[in-house]
Amino acid sequence: MRPIPRLHLFWMNHWVKILIISLVILLLGLAVWGLSSLESFYRNLTLAQMPVSILLVTINATIFVLMYMTFLRGGFAKMKSSQVKGEKVNITWDDVIGMEEIKREAWEVVELIRDRKRVKAIGGKIIRGILMLGPPGCGKTYLAKAIATEAGVPFLSLSASEFVEVFVGVGASRVRKIFKQARQMAYGYGACIIFIDELDAVARKRVFSAFGGTEETNSTQNQLLTEMDGLKEDANIIVIGATNADENNLDEALRRPGRFDRKLYVDRPGLEDREALFKFYFGKLKYDDSIDFGRLARRAVYKSAADIANLVRESALIATRDRTRDTINMRD
């Protein structure tokens, strides 16, 4: 599927390596041909000096590569991002439990990504950004991975704190790099998702200080705004931001239509969702008939999915203290 763009993408990412390997093979061939044309004395002399020459060349090349990677390939601005193909994220829609209502809203996003050609054909535009809001431990990251799996597009995952740095200009440079990488992946695979966790680290309301203490955060956020505005309509890059902070704490420029077009409120699970979560987590353990999932769901009011997982995990640890049984009961 799309072999030519992917081949071109491979050439764009590895043309330097291919060129270097080709030059090395060519030089080795010339060296062998040159040695074969020398007299035996000079050939032996050259072969004797070759180990020292190779050692010196290796040292010089190592120094050059280190300096090149430090100063010309980003230096302090270099950032690690988790790049995974959608089908390799391996979190399906059925794996997302305890948020049935929000899943229905998120499924519209999946269909828009899948049918991006049809959306463009009728004159519409693909969603630029999705903002996930809600308390911690409710499954925002899990839901984002499920969207990437179902849409079948590459998934770039990183934390907003990786943009924040003490050196001036580093945050903005990192934003440019991640969007450049996303454009390359979208070119090869048709679309790409950038997931930024803890978005509030760079999306807080901009503060302008006379002493310049907030200039680096402001410039990072300005670059993020610029990149989201500069996305071409055929780029098919979707930015998903997740935060535990209140929506009003985020900058208004990021929340306006055209940047984060869709807002998904991932709240704590309701009664039915809590019961489904208890059944899911207990399904991996041994428990007896005294476990009443409905009663547990009613008692776990205002608990997040992470809280329920922790309750089940702790009950298993308590059950192991009683060596006379090997199952979890209601008392645990």
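Predicted model: local features only at pLDDT ≥ 70, side-chain atom pairs only at ≥ 80, totals over all residues.
Val301 is in the loop that runs between H12 and helix H13, the latter being residues 305-319. Is Val301 buried or exposed? Its relative accessibility is 53%, so Val301 counts as exposed, the cut-off for that class being over 50%. Val301 and Pro269 are 32 residues apart along the chain, and 8.8 Å separates their C-alpha atoms.

Next, the aromatics. How many aromatic pairs does the structure hold? There are 7. I will go through two of them.

One is Phe278 with Phe282. The ring centres of Phe278 and Phe282 are 6.5 Å apart and the planes are at 25°, so this pair is stacked; the limit for stacked is under 30 degrees. Phe278 and Phe282 are both buried.

The other is Phe282 with Phe293. Here the centres of the two rings are 5.8 Å apart and the planes are at 55°, so Phe282 and Phe293 form a tilted pair. This pair links distant parts of the chain, with Phe282 in helix H11 and Phe293 in helix H12, residues 293-299, at 11 residues apart. Both Phe282 and Phe293 are buried.

Phe282 therefore takes part in both of the pairs I have described. Which residues do ring pairs link into a cluster? They are Phe278, Phe282, Tyr287 and Phe293.

Last, a helix contact elsewhere in the chain. Helix H4, residues 100-114, packs with helix H6, residues 140-151, at an angle of about 35°, and the axes are 9 Å apart. The crossing of H4 past H6 is right-handed. On the H4 side, the contact is made by Ile102, Lys103, Ala106, Trp107, Val110, Ile113 and Arg114. On the H6 side, Leu143, Ile147, Glu150 and Ala151 make the contact. What is the make-up of this contact by class? Between H4 and H6 there are 8 nonpolar residues and 3 charged ones, with no polar residues.

That is the end of the tour; I will take questions with the model on the screen.

Methods. Residues numbered from 1 in each chain as written. Heavy atoms only, no water. Axes fitted to C-alpha atoms, helices over the stretch in contact; angles between N-to-C directions. Helix = DSSP H or I, 4+ residues; strand = E, 2+ residues; numbered from the N terminus. Left-handed = near helix turned anticlockwise from the far one by under 90°. Contact = heavy atoms within 4.5 Å. Nonpolar A, V, L, I, M, F, W, Y, C, P; charged D, E, K, R; others polar. Phe/Tyr/Trp six-rings, centres within 6.5 Å; stacked < 30°, edge-to-face > 60°. Buried < 20%, exposed > 50% of the residue type's maximum accessible area, 1.4 Å probe, protein only.
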